[in-house]
Amino acid sequence: MADAPDLSAAYSHCETLARTHDRDRFLAALFAPPPLRRDLCTLYAFNLEVARVREVVREPMPGELRLQWWRDLIEGLGRGEVSGHPVAAALLDLLGRTDIPKGALLNLIEARTFDLYDDPMPSLNDLEGYAGETSSVLIQLSAGLLLGRQDAKIANASGHAGVAIAITGLMRALPLTAARGQCFLPMDILAAYGGSREDVVGRKMTPAVRDTLKALRARAAHHVTEAVSALRDVPVAALPAFLPLTLVAPDLAALACAEDPFARVVGASRLRRQWLLWRAARKARAGQAFVTLPGA
């Protein structure tokens, strides 16, 4: 049996992956203590691996097999298969050194199964549940790494922050997901305005789509407000996990101004995102509120 990849190289690969494909979280991780940065990037690299399965497969079945491979690995059934897969090697090492609950990672994988199919998101409740099992869980696990323990007291803040970030991110990614035949706009809201899945995958900026996006921006703003309130209970050491929340307000503002959100991915510029994260980190360290409320 081949040996697992060198761990230092595996962790370095995870950092490169996060820097290239999840820059917001990567930059936020830079404000964590140096020994913890590689652990955070490993978690983010794992998330990228399962989140991007839809992009690398043409049919659901190969995607299901890829996700099952990750399940087996986490459950201890695939330790001999990490040769040549640096993210898997780093993740196994991380799981062996920390108290990250494997069940949370398995739930994240299960939620990503939705991505493999063209079924539309049924309702706002389903969308928020999906966001909670993916984005919110990622924040809570990251905060746990920063604290050196999993802390149930930060669940409320993680929940609201993750949903706000995920809903905003999905609206920004509308040109990409719609082109793949995916509809993440909740059907209950879309139908209430007289719209359909075909409006979304056909990339038609109908009044129903516009009104649905407006409703989702309001919902994301609500979760930002709730998250800011809940952040009072979050220890300062865990705040780097929440830094990407500071990008939601400017992204929502950009989305509100977009004439055609199907045309391109909109949001704060790359340079401004970096500056906003830096400013938020300074405020967080000083014990100041670091998240701007949408519309403020």
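How many aromatic pairs does the count come to? I put this to a predicted model. The count comes to five aromatic pairs.

**Entry 1: aromatic pairs**

I looked up Trp69 and Trp70 to begin with. Their rings form an edge-to-face pair, with 5.0 Å centre to centre and 90 degrees between the planes. I then checked accessibility for both. Trp69 has 22% relative accessibility, so I log Trp69 as partly exposed. Trp70 has a relative accessible area of 3%, so Trp70 goes down as buried.

Next I took Phe114 and Tyr130. This aromatic pair is edge-to-face too, at 6.0 Å centre to centre with 65 degrees between the planes. Phe114 sits in the loop between H7 and H8 and Tyr130 in helix H8, so the pair ties together parts 16 residues apart in sequence. Phe114 is partly exposed at 22% relative accessibility. Tyr130 is buried, with a relative accessible area of 9%.

**Entry 2: H3 against H5**

I followed Phe46 and Trp70 into the helix packing. Helix H3 covers residues 34-51 and helix H5 residues 60-74; their axes come within 10 Å and cross at roughly 145 degrees. I noted the crossing of H3 and H5 as left-handed. Which residues make the contact? From H3 I listed Phe46, Glu49 and Val50; from H5, Leu67, Trp70 and Ile74. By class, the contact residues of H3 with H5 divide into five nonpolar, no polar and one charged.

**Entry 3: Asp118**

I moved to the loop between helix H7 (102-112) and helix H8 (124-147), where Asp118 is found. Is Asp118 buried or partly exposed? Its relative accessible area is 37%, so I record Asp118 as partly exposed. I left aside neighbours within four places in sequence and listed the contacts of Asp118: Arg54, Arg180, Gly181 and Arg197. A polar contact of 2.7 Å joins the side chains of Asp118 and Arg54. I also took a distance to His223. Asp118 and His223 are 105 residues apart in sequence and 27 Å apart in space, C-alpha to C-alpha.

Methods
Residues are numbered from 1 along each chain as its sequence is written. This is a predicted model: local features need pLDDT of at least 70, side-chain atom pairs count only at pLDDT 80 or more; totals for chains, interfaces and linings use all residues. Side-chain values use heavy atoms; hydrogens and water are left out. Axes are lines fitted to C-alpha atoms, for helices over the stretch in contact, and angles run from 0 to 180 degrees between N-to-C directions. Helices (H or I, at least four residues) and strands (E, at least two) are DSSP runs, numbered from the N terminus. A crossing is left-handed if the near helix is turned anticlockwise from the far one by less than a right angle, and right-handed if clockwise. Contact means heavy atoms within 4.5 Å. Ala, Val, Leu, Ile, Met, Phe, Trp, Tyr, Cys and Pro count as nonpolar, Asp, Glu, Lys and Arg as charged, and the others, Gly among them, as polar. Buried means under 20% relative accessible area, exposed over 50%, partly exposed in between (1.4 Å probe, protein chains only). A polar contact is a pair of N or O atoms within 3.5 Å; within protein, one must be able to donate a hydrogen and the other to accept it, and residues adjacent in sequence count only if both atoms are side-chain atoms. Rings of Phe, Tyr and Trp (its six-membered ring) pair if their centres lie within 6.5 Å; planes under 30 degrees apart count as stacked, over 60 as edge-to-face and the rest as tilted.
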